[in-house]
Amino acid sequence: MIIAERKPIERILQMIEPYQKIAVLGCRGCVAICSAGGDREVETLASALRLARKKQGKPLETIEETYVRQCDPEYLKPLAELKEKVEAVVSLACGVGVNLCADLYPDLKIYPGVDTTFYGANPALGEWEEKCRGCGDCIIDLTGGICPIARCAKNLLNGPCGGSQNGKCEINPDTPCVWQEVYDRLKARGELDRLTKIWPAKNWIPAGYGGPRRRVRPDLQINNKKA
């Protein structure tokens, strides 16, 4: 999932400083799962903003709503009505959602309430770890399902580097050396021969070189037109 973290309240207050009535708009997608932008976070942020503005002597009126997803136009149709009721919107969706809202409603003054950080997993309550960089050329079939692009501090393709000690990363000693993990995984599988091959420099074009990436499924487009 996409992991996000709420911006500091002071930064959000700066963004909405000119307005007296705003909407705080949540998303029930990834940001709700990582406790950054779901119903509860919408309520908490709206309350905090109202309280802060009251202390400033500049009362703020808020409308609180949460959509199923902000990355899908189908679920953004209510925004056409909402934008007529407020001066601005603070979105707690990831950057994808904020971008799409702004594209569909260019006259809408929409501001990000969270910082989008990484693609991660949720290994324990209140904990998220980066697992994927979205590079567009997945190689983890060769590394026992472990991504060195996302999980190595140096993004090494032919690790480990010379700095890892006792299975730990030299950049952050609390972080396991991902190449040690790759070695251990492949050894347990009897596949260490995979590490005897030197990988050439990675082709980064699928990672977004040349502009925003786009994927089209003509078969789905045809089905949509028929519907």
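The model is predicted: local features need pLDDT of at least 70, side-chain atom pairs count only at pLDDT 80 or more, and totals for chains, interfaces and linings use all residues. Numbering runs from 1 along each chain as its sequence is written, and side-chain values use heavy atoms, with hydrogens and water left out.

**Exercise 1. The sheet**

Task: Work out the strand order of the open sheet and state which strands pair.

Solution: 
- Start with the terms. Helices (H or I, at least four residues) and strands (E, at least two) are DSSP runs, numbered from the N terminus. Two strands pair if DSSP finds at least two bridges between them.
- Take β2 and β3. They pair in the parallel sense over seven bridges. Glycine 26 has threonine 66 of β3 as its bridge partner.
- Next, β2 and β4 run parallel, joined by four bridges. Valine 24 stands opposite valine 90 in β4. Alanine 23 has valine 89 of β4 as its bridge partner.
- Then β4 (residues 88–91) pairs with β5 in the parallel sense, over three bridges. Here valine 90 stands opposite tyrosine 111 in β5.
- The order is β3-β2-β4-β5, with parallel pairing.
- Find the edges. β3 (61–67) and β5 (110–112) each have a single partner strand, so one side of each lacks a neighbour in the sheet.
- The twist averages 25° from one strand to the next. Axes are lines fitted to C-alpha atoms, for helices over the stretch in contact, and angles run from 0 to 180 degrees between N-to-C directions.

**Exercise 2. Cover on the sheet**

Task: Determine what packs on the sheet, and whether the residues of β4 are buried or exposed.

Solution: 
- Contact means heavy atoms within 4.5 Å. By that test, helix α3 (residues 39–55) packs on the sheet and touches β2 (21–27), β3 and β4. The direction of α3 makes about 170° with that of β3.
- Buried means under 20% relative accessible area, exposed over 50%, and partly exposed in between (1.4 Å probe, protein chains only).
- In a regular strand, side chains alternate between the two faces of the sheet.
- Sort β4 by face. Ala88 and Val90 lie on one side, Val89 and Ser91 on the other, and all are buried. Both faces of β4 are covered.
- Check β2. Six of its seven residues are buried.

**Exercise 3. Helix α7**

Solution: 
- List the buried residues of α7: Val178, Trp179, Val182 and Leu186.
- Look down the axis of α7.
- Turn to the face away from the buried side. It carries exposed Lys187 and Ala188.
- Finish past the end. Glycine 190 follows α7, with a positive phi near 70°.

**Exercise 4. Cysteines**

Solution: 
- A disulfide is a pair of cysteine sulfur atoms within 2.5 Å.
- Cysteine 138 is exposed at 59% relative accessible area.
- Cysteine 169 is buried at 15%.
- The count for the structure is zero disulfides.
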